[in-house]
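This report describes one protein chain, from its overall fold down to single residues. Please keep the sequence and the model in view while reading.

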Amino acid sequence: MVGDGTLGDIVEAVLQHYFNSNVSYIFPKNWDNGVDGSGSTSLVKAYNKSFLIDTATAGYKTNLYEFLSDNGVSTLDYVIISHYDVDHIGNVINLINDGYITTDTTVYLPAPPSLLNKGSVENEEAIKGALETAGITWIEPEEGDQVVIEDFVLTFLNCDVDQLVASGWNDYNNYSM
């Protein structure tokens, strides 16, 4: 449903109903049926601002760049990383190196994964190191923080790691911001 675009089409229809083409949510379609690719990235365009949510695996760099180009994006206004698994962060460094993520981009990163998934700590360190080297700041939003652009509101959830750990979740994917 994600890989073939059906879910994206449903979400887009709802957004069109509420926002009259000022906001669109776009899933890539037919990237190897969504396996490790299109299911791990999406694009929101709201009032001429672009939000990339996750970046797919590094092997989908060409697909990602074509997807951005096809949707009129040459630089990103916002990048949101839901969690530090490789299928979600695979192109962050590429996007920095190739000028899609700039010092004008607002980058939102999830809470540090050290309590949740020790394997993702290296990914977190690599992402933060690349951002720091490029002079790009990032934000680790707190539960309920929002980005507001006119009548479009993006609210961050699943940001309180201590609360999530206490709740007993045991799958790192469940901690996605």
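## Basis of the model

This is a predicted model, in which local features need pLDDT of at least 70 and side-chain atom pairs count only at pLDDT 80 or more, while totals for chains, interfaces and linings use all residues. Residues are numbered from 1 along each chain as its sequence is written, and side-chain values use heavy atoms, with hydrogens and water left out.

## Overall fold

The protein chain contains 6 helices and 8 strands. Helices (H or I, at least four residues) and strands (E, at least two) are DSSP runs, numbered from the N terminus. Along the sequence their order is α-β-β-β-α-β-α-α-β-α-β-β-β-α.

Of the 177 residues in the protein chain, 46% are buried. Here buried means under 20% relative accessible area, exposed means over 50%, and partly exposed is in between (1.4 Å probe, protein chains only). Among contacts with a separation of 6 or more, 64% join residues 24 or more positions apart, where contact means heavy atoms within 4.5 Å.

## Nonpolar cores

In soluble globular proteins, nonpolar side chains tend to be buried together. A nonpolar core is taken as a set of buried Ala, Val, Leu, Ile, Met, Phe, Trp, Tyr and Cys residues joined through side-chain atoms within 4.5 Å. The largest nonpolar core has 27 residues, and those with the most contacts inside it are Leu 64, Leu 68, Leu 76, Leu 95, Ile 101 and Leu 131. Two or more residues of this core come from each of helix H2 (61–70), helix H4 (92–97) and helix H5 (121–133). H2 gives the most, with 4 residues.

Leu 64 touches Trp 31, Thr 41, Leu 52, Thr 55, Asn 91 and Leu 95, leaving aside neighbours within four places in sequence. There is also a second, separate core of 16 residues, which includes Ile 53, Val 147, Ile 149 and Phe 156.

## Largest pocket

The largest pocket holds about 160 Å³ of space. Of the 14 residues that line this pocket, Lys 45, Tyr 47, Asn 48, Lys 49 and Ser 50 are the closest to its centre. On a 1 Å grid over the protein atoms alone, a pocket is an open set of points where a 1.4 Å probe fits, with protein on both sides within 12 Å along at least five of seven lines; lining residues have an atom within 4 Å of a point. Grid points are joined across faces, edges and corners, and the volume is the space filled by probe spheres set on the points.

Strand E2 (42–46) and strand E3 (49–53) each supply at least two residues of the lining. The lining residues divide into 3 nonpolar, 8 polar and 3 charged. In this count Ala, Val, Leu, Ile, Met, Phe, Trp, Tyr, Cys and Pro are nonpolar, Asp, Glu, Lys and Arg are charged, and the others, Gly among them, are polar.

## The loop between E2 and E3

Tyr 47 is in the loop between E2 and E3, and Asn 48 has its place in that loop too. Phi of Tyr 47 is near 50°, a positive value in a residue other than glycine. Phi of Asn 48 is near 65°, again positive in a residue other than glycine. Are these residues buried or exposed? Tyr 47 counts as buried because its relative accessibility is 17%. Asn 48 counts as exposed because its relative accessibility is 79%.

## Other single residues

Asn 71 sits in the loop between H2 and strand E4 (78–80). At 19% relative accessibility, Asn 71 counts as buried. His 88, in helix H3 (residues 86–89), is buried at 10% relative accessibility. The C-alpha atoms of His 88 and Asp 54 are 4.9 Å apart in space, although the two residues are 34 residues apart in sequence.

Asp 98 lies in the loop between H4 and strand E5 (106–108). With a relative accessible area of 39%, Asp 98 is partly exposed. Asp 98 touches Lys 61 and Tyr 65, not counting residues up to four places away in sequence. Asp 162, in helix H6 (residues 161–166), is exposed, with a relative accessible area of 53%.
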